Structures are given as structure tokens and as C-alpha cells.
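Please look over the sequence and the model before reading on, and keep both at hand while following the paragraphs below.

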Amino acid sequence: MAFERVGVVGLGTMGAGIAEVFARAGLRVIGVEADAEALARGRGHLERSTGKAVDKGKLAPGQRDEILGRITLTTSREDLRDVDLVVEAIPEILDYKIALFKDLDRICEPGTVLATNSSSLSVTAIAAATGRPGQVVGMHFFNPAPVMKLVEVVGTVVTAPGLVADVAALAGRLGKTAVAVGDRAGFVVNRLLLPYLNQAAVLMELGVAGRDDIDAAMKLGVGLPMGPFTLLDLIGLDTAYEVMGVLFDETRDRRHAPAPLLRELVTAGLLGRKSGRGFYGDPPREEPAKSRPATFGVTGAGGDGLAERLRAAGFKESEDPDVVLRLADRPVIEHAVRLPDPARMVGVHLVGDHVAELASTALTSEEAASAARDLVKIAGLTPVPCKDRAGFVVDALLFPYLNDAVRMHDSGYASIDDIDAAMRLGCGYPAGPFEMLESLGLAKVRDGLRALYTEYREPAFAPAPLLDQLVTAGVSRFPRP
Ligand SMILES: NC(=O)c1ccc[n+]([C@@H]2O[C@H](COP(=O)([O-])OP(=O)(O)OC[C@H]3O[C@@H](n4cnc5c(N)ncnc54)[C@H](O)[C@@H]3O)[C@@H](O)[C@H]2O)c1
């Protein structure tokens, strides 16, 4: 099927980028917005995005003019009469989308393919609202659309044979990698990503760790392109909130219930980048200067490297230290209560080469916690202060996500390679969840999940049976066909 003229409805965070992607590939684009004001904003997105590409030397000024010249902007849907494909990118609210698709069905030629960029809504429900359910698919781009290489192409039980392959071929023409999936809330990427983002907000609300510390842990410790709160601001908190709601409606998994904090910020109009403020955007706070700690002790298996780093940084080990750093293998408090002065113990979990999570127990003194932060900073690590909870920050966010990926694969929804590719290309992760599982070690993740389950009694934290069985069998890689 040839797609040469396309319509894009909604030119916000996603739609403007999608219009740009089509125009870059040489297709003619009609961009539709709700009103003149929103259309001007959409034009602004397009001009800024292509302007940046010129500034960075990625696009010649003449090419930019050609790209913008292929895009016609309008507030009239009727202009979409003759296009081959329409991609819709209006807000994530089913009623709005259904009303729009009914209208597109009336306006467009019978052969026109209608696609939704929805992150989570039922493509089947949208298709069924039209007189052409076989011609309706999901075409789910990632943010920012001109940069991210993935498109999830969503077929339903009534999609015409061959259409998913045709739309996937179009994605290839746009320079993207298509992953074809069935119609489940959140598809592959958001089903795995959003619960992790939501859980980060929950951890913050529980006071396990702060915004900047959680972001630093996931970015610098795990190597993700950005931390969860930066990503939530990029996605838009309203969009994230709606997607969580759709996931929850389908799964009734309470981890999918939007964190109350998200609702509060959305109600306050703090939507992230698009409104100028979300989790970030508040005035920066000054950190009070701290005095340098004098002496330290390190206990627990694997602490030699840290002790060596601290000695190299000029600190002294002592039998009566200011702070005892305990490499944590179980709740830190269990070790602390055995000390003559439990207030001096801080749990440590080294994440990668750059991050040290520092867990304070209910008994840790502010002096010891602050001394531990200073020690690891001077030793060249980024401290992530947190509470003494199973998994601290990183494992509590990472392991359930990995577990979800195993369950998703085991349910037959998507292959290991598709899930890995989707997370790498859709989120810019350095590795997919199965690649991460295999490099961390399946047993380590299984044991970490057991500890999380014991602590939080959250059913979804129980290790996926497939993971558990592979560990029991002594297998270190997931079987691939
Ligand atoms: N934000 C993300 O990271 C992301 C990523 C992938 C997919 N999506 C999906 O893309 C869709 C759009 O999300 P967004 O983040 O771009 O939202 P957004 O709020 O940034 O943009 C939505 C745009 O739609 C316009 N609009 C609303 N009603 C309209 C109508 N009837 N006709 C024409 N335009 C209309 C609005 O004026 C606005 O410009 C959602 O379905 C969302 O789930 C979002």
C-alpha cells in the first residue's frame, strides 16, 4: 500500500514531531489543530525543532525549508478528505478519540487508513466506532518523535490482513524500526515503562528518597538516558496520568493506579515541560555546607573497594569511627542494632561505578548520614540518600520492571527480542530488560524480587515463575527460539 499524503491531527508534544518525521521522509503532510491558537503553537514546535536541527548542523537550511514546505497547517479536518493515512495525536481520552475517528470516517475516502498514536487506549474500541474497523491501526511513536527510532504498530482482531505489515513498512521508510504488537493497554513500552515511573513517584511520596536523588540513581547508576521525574516532565504529567488510568482500568493492578502526587500536580496545572513546570521547574535550593567527616569503618562483603577508595581520598579507618558504612545484603537495621552505637551505621549499595545509595535506618543520626554523603562524594561517587527499605531505590524500581518484562514475554504477548528492541529504541535505554537481566544475573534479580515481595507484600513483586524456574535450573540466559 502506498502512503504519500498523510494527515496528522493534534500538533502538540507528539503530533508536531510526527508531522516532521513524515515530511523529512518526503511525504506531504496536512497538520490539523483544534483552533488558530493551538495551530500557531504547533507551527512553533515545528519551526523550533527543525531550527535546532539546522543549528546543530544536522539539517541544511534549504532542507529545512523543503521539510516545512511539505507541511500544510489547517484547523479544518475536512482538508483530510484525500489523504492516504491519518495519524491522530490528540489527548489520551477515549471519548475524544472516538468522536474524532467517527468524524474522520465520515470525511476520508473509504481506502484511507486511520491510525492512532495512543499510548494505551484500546485500538479495538476506536476501530469499532468507525465504519472501517479493518482500516484502523495503532501507530505509536515515541517522544521526541524525530529522534526515537521505535514505532509500535498495533493490529487488532479485525485489522485487514497485510495492513500491519504495510504500516510497518512505512515506519521503515521513515527510518524507524517497527515492532508489531497486539492490542493491550500500554502495548509493550508503556506497559513496562509507566509502572516504573509511577513507582518512582510512589517512592518519593513514601519518603524513601527525593526527586533529584532518584533521578541521579537511575541515570548515573543504571545508565538510563534520564531519571524518571525528568522523563515524566518530558512525557507530560497529564498524558502520564491518563495512561496510568487506562492501564489500571485494564489490569486492576494497584501499581498501575496513578500516584496521588501525579493527580495533584496535574490539577495544579504543573504538566512538565509543556507548561514550564512539573516535577522540575521550581527554584533551586541551596545545600548547606557540611563539615568533613573524620573517620570511617566499612563492613560487609564487597566493601574492600569502597574502603580503598576512601583511604585513597585521605580518610582514616578507625575502631571507633564517625560513620560505619555497611555494604547491605539485608535490612541495614538488622546490622545496626548489633553495634554499640547504631546511630552511626549507614547502609551502602554501590550501583555501577558512579553511584552509592546510602540508606539511613530509623536509628541513623543526621550527623552519620551527612558524614556518609560527604565521604562518598569525596571518593568520587554520587550519593543517593534513601531510607532502609528493600531494594533501596534502584533495585526497587528496576527489578519489578524486569519482572514485568518476563511476565509479558511468558504471557505470549511479545518475544524477548521485540521487548528488548522496543525498550532500547523507544526509551533510549542502553539495554533491553532481558539483556539487563542476563548481565545482572538472573539469581540476583530473583533474590532481589523476593526481598521486595517480603518487604512490600506486593503480589507483582513475586518473581515471575519463568525467572524462578530458570534460576532453579541453573540457566543464565533466557531461551530464545
Ligand atoms: N507525550 C508523550 O511522550 C507521548 C508519547 C507517545 C504517544 N503519546 C500519545 O500521543 C497523544 C498526544 O499526546 P501529547 O503528549 O502529544 O499531548 P499534547 O497535549 O501535547 O498535544 C495534544 C494536541 O492535540 C490538540 N487537540 C486536542 N483536541 C484536538 C482536536 N479535536 N483536533 C485537533 N487537535 C486537537 C491539542 O490542541 C494539543 O496541541 C496521546 O494519545 C498520547 O498518549 C504521547
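The paragraphs that follow go from the sheet to one of its loops, then to the ligand and to some backbone details.

This is a predicted model, in which local features need pLDDT of at least 70 and side-chain atom pairs count only at pLDDT 80 or more, while totals for chains, interfaces and linings use all residues. Residues are numbered from 1 along each chain as its sequence is written, and side-chain values use heavy atoms, with hydrogens and water left out.

An open sheet of eight strands, with mixed pairing, has the order S3-S2-S1-S4-S5-S6-S7-S8; strands (E, at least two residues) and helices (H or I, at least four) are DSSP runs numbered from the N terminus, and two strands pair if DSSP finds at least two bridges between them. Strand S3 (71–74) and strand S8 (177–181) each have a single partner strand, so one side of each of these edge strands is left without a neighbour in the sheet. On average, neighbouring strands of this sheet are turned by 25° against each other, direction ignored, where axes are lines fitted to C-alpha atoms, for helices over the stretch in contact, and angles run from 0 to 180 degrees between N-to-C directions. Strand S7 (residues 150–154) runs parallel to S8 and is joined to it by five bridges, with Val151 standing opposite Ala178 in S8. Helix H1 (residues 15–24) packs on the sheet, touching strands that include S1 (5–9) and S2 (28–32), and its direction makes about 170° with that of S1.

The loop between S6 and S7 holds Pro144 as well as Pro146. The peptide bond from Asn143 to Pro144 is cis, with omega near -5°. Pro146 counts as partly exposed because its relative accessibility is 25%, the class between buried (under 20% relative accessible area) and exposed (over 50%), with a 1.4 Å probe and protein chains only. Although Pro146 and Val21 are 125 residues apart in sequence, their C-alpha atoms are 5.5 Å apart in space.

Turning to the ligand, a polar side-chain atom of Arg77 lies 3.3 Å from one of its nitrogen atoms, and a polar side-chain atom of Lys274 lies 3.2 Å from a ligand oxygen atom.

Two phenylalanines have a positive phi, near 50° for Phe187 and about 45° for Phe392. Phe187, in the loop between S8 and helix H7 (189–205), is buried, with a relative accessible area of 1%. Phe392, in the loop between strand S14 (382–387) and helix H15 (394–410), counts as buried at 6% relative accessibility.

Definitions and conventions. Contact means heavy atoms within 4.5 Å. A polar contact is a pair of N or O atoms within 3.5 Å; within protein, one must be able to donate a hydrogen and the other to accept it, and residues adjacent in sequence count only if both atoms are side-chain atoms.
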